[in-house]
Every structure is written in structure tokens, then in C-alpha cells.
Amino acid sequence: MTMKIEGFTEGFGGEITGIDLVNQGTLEAAQAVQDAMDHYGVTVIRDQRITDEGVVVIKAQQHRSQEMNRADALQRLLELVRGVALPP
């Protein structure tokens with residue numbers, strides 16, 4: 001998916017879609033986000049898995065069992081860490 005930036009109203013408030021800041025957090029994406037915030041003042045990036053404090057949130061609700069959901073979340077966390085631990 002391609003990152004898209006749209007304004008809510010003329011010159012104030014914008015929304016960024018098409019980016020996952022955890023998995024697609026490149027320097028180019030960071031600059032585009034900064035440029036959008038500079039232009040619109042208030043910028044929304046919905047449905048991200050990272051909080052303002054930098055905490056990665058992994059939701060697991062596919063199974064009826066809490067234990068299986070916990071294992072699923074742990075597996076996805078490991079995949080995330082492995083993916084960023086390798087040099088580009």
C-alpha cells in the first residue's frame with residue numbers, strides 16, 4: 001500500500017493512510033510524516049501499532065484460548081524483531 005496524505009479542511013488537519021510505522025518506518029516515511037505535520041498542523045495516523053511513548057502493541061484475538069492468543073502474539077513479536085534485526 002502506498003502512503004497517502006489528505007487534508008481534512010483547507011490548510012488545517014490532515015490524515016496519513018497507507019503506512020505501518022512499525023514495519024515501514026523508513027527515513028523517507030519519517031520525513032513525509034514530518035512534512036505533513038508542518039503543513040497541516042494536526043495530523044492523524046490511524047490504526048498504528050506503536051504508542052506515542054514508543055510501545056509496540058500486538059493484539060491477538062484469533063483464538064478462543066488466551067494461551068493460544070499469547071503464543072500467537074509472541075510469535076508475531078519474534079518475527080517483528082527478526083525482521084528489523086537484519087541489515088538491509
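The model is predicted. Helix H1 spans residues 27-40, and helix H2 spans residues 66-85. Two salt bridges are counted.

**Helix H1**

- Helix H1 has 14 residues and reaches 20 Å from its first C-alpha to its last, close to the 20 Å expected at 1.5 Å a residue.
- The buried residues of H1 are Ala29, Ala32, Val33, Ala36 and Tyr40. Viewed down the axis of H1, these buried residues fall within an arc of 100 degrees, so they line one face of the helix.
- Leu27 and Asp38 are exposed, and they sit on the face of H1 turned away from its buried side.
- The cover over the buried residues of H1 includes strand E1 (4-9), strand E2 (12-17) and strand E3 (43-45).
- Glycine 41 follows H1, and its phi is positive, near 80 degrees.

**The nonpolar core**

- Six residues make up the largest nonpolar core: Ile16, Ile19, Ala29, Val33, Ala36 and Tyr40.
- In soluble globular proteins, nonpolar side chains tend to be buried together.

**Helix H2**

- Helix H2 has 20 residues, and the distance from its first C-alpha to its last is 28 Å, close to the 28 Å expected at 1.5 Å a residue.
- Asn69, Asp72, Ala73 and Leu80 are the buried residues of H2. Their directions, seen down the axis of H2, fall within an arc of 95 degrees, so they line one face of the helix.
- Glu67, Arg70, Arg82 and Ala85 are exposed on the other side of H2.
- The N-terminal end of H2 is capped by serine 65, which has a side-chain oxygen 3.2 Å from the backbone nitrogen of glutamate 67.

**Aspartate 72**

- Aspartate 72 lies in helix H2. With a relative accessible area of 19%, aspartate 72 is classed as buried because the cut-off for that class is under 20%.
- When residues up to four places away in sequence are not counted, aspartate 72 touches Ala60, Gln62 and His63.

**Salt bridges**

- Another salt bridge links arginine 76 with aspartate 72, and their closest N and O atoms are 3.6 Å apart.
- Arginine 76 and aspartate 72 are four residues apart in helix H2, and are therefore separated by about one helical turn.
- In this second pair, arginine 76 is partly exposed, with a relative accessible area of 29%, whereas aspartate 72 counts as buried at 19% relative accessibility.

How values were computed
Residues are numbered from 1 along each chain as its sequence is written. This is a predicted model: local features need pLDDT of at least 70, side-chain atom pairs count only at pLDDT 80 or more; totals for chains, interfaces and linings use all residues. Side-chain values use heavy atoms; hydrogens and water are left out. A salt bridge is a side-chain nitrogen of Lys or Arg within 4 Å of a carboxyl oxygen of Asp or Glu. Helices (H or I, at least four residues) and strands (E, at least two) are DSSP runs, numbered from the N terminus. Buried means under 20% relative accessible area, exposed over 50%, partly exposed in between (1.4 Å probe, protein chains only). The expected span of a helix is 1.5 Å times one less than its number of residues. The arc is that of the directions from the helix axis to the C-beta atoms. A polar contact is a pair of N or O atoms within 3.5 Å; within protein, one must be able to donate a hydrogen and the other to accept it, and residues adjacent in sequence count only if both atoms are side-chain atoms. Contact means heavy atoms within 4.5 Å. A nonpolar core is a set of buried Ala, Val, Leu, Ile, Met, Phe, Trp, Tyr and Cys residues joined through side-chain atoms within 4.5 Å.
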